[in-house]
Amino acid sequence: MIISFNDVIPFKKEMMEKYGAYVHFHDQCGAQFFNLEEHTPQLQQAVEEYFAAKGITVKFSGLMFRLFSEEEIKAEENK
């Protein structure tokens with residue numbers, strides 16, 4: 001899922017203010033992903049809840065995570 005940089009800014013700000021976590025955002029050739037400098041269960045839950053409120057699913061792989069729309073999740077399940 002691709003989100004606008006205007007959506008990334010408040011997310012990064014909230015993670016820094018509430019959890020002291022700097023989130024790296026990578027936007028390359030139609031693909032986006034995020035990296036955390038430190039992974040904790042509390043931070044992962046905060047990230048998941050932040051995006052769940054917007055109807056977006058987060059999938060983590062270590063310190064990296066990507067965002068998926070409900071349509072992308074359903075398409076993946078139907079493969």
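A residue counts as buried when its relative accessible area is under 20%. With that cut-off, 28% of the 79 residues of the protein chain are buried. One caution before I go on: this is a predicted model.

Now the surface. The protein chain exposes about 5,300 Å². Carbon and sulfur atoms supply 50% of that area.

Next, the fold. Count three helices and four strands in the protein chain. Along the sequence they run α-β-β-α-β-β-α.

What about overall dimensions? Along the principal axes, the C-alpha atoms fill a box of roughly 40 × 25 × 20 Å. The radius of gyration is 12 Å, and a compact globule with 79 residues would have one near 12 Å, so the two agree.

Strand β3 covers residues 56–61, and strand β4 covers residues 64–69. How do β3 and β4 pair? They are antiparallel, over six bridges. Pick out Ile56: its bridge partner in β4 is Ser69.

Last item, charges. The protein chain has 8 positive and 13 negative charges. How far apart are their mean positions? The answer is 2 Å.

That's my tour. Over to you.

Technical notes. Residues numbered from 1 in each chain as written. Predicted model: local features only at pLDDT ≥ 70, side-chain atom pairs only at ≥ 80, totals over all residues. Heavy atoms only, no water. Helix = DSSP H or I, 4+ residues; strand = E, 2+ residues; numbered from the N terminus. Rg over C-alpha atoms; globule rule 2.2 N^0.38 Å. Buried < 20%, exposed > 50% of the residue type's maximum accessible area, 1.4 Å probe, protein only. Areas by Shrake-Rupley, 256 points an atom, 1.4 Å probe, with all protein chains shown as cover. Lys, Arg positive; Asp, Glu negative; His and termini not counted. Charge placed at Lys NZ, Arg CZ, Asp CG, Glu CD. Pairing = 2+ DSSP bridges.
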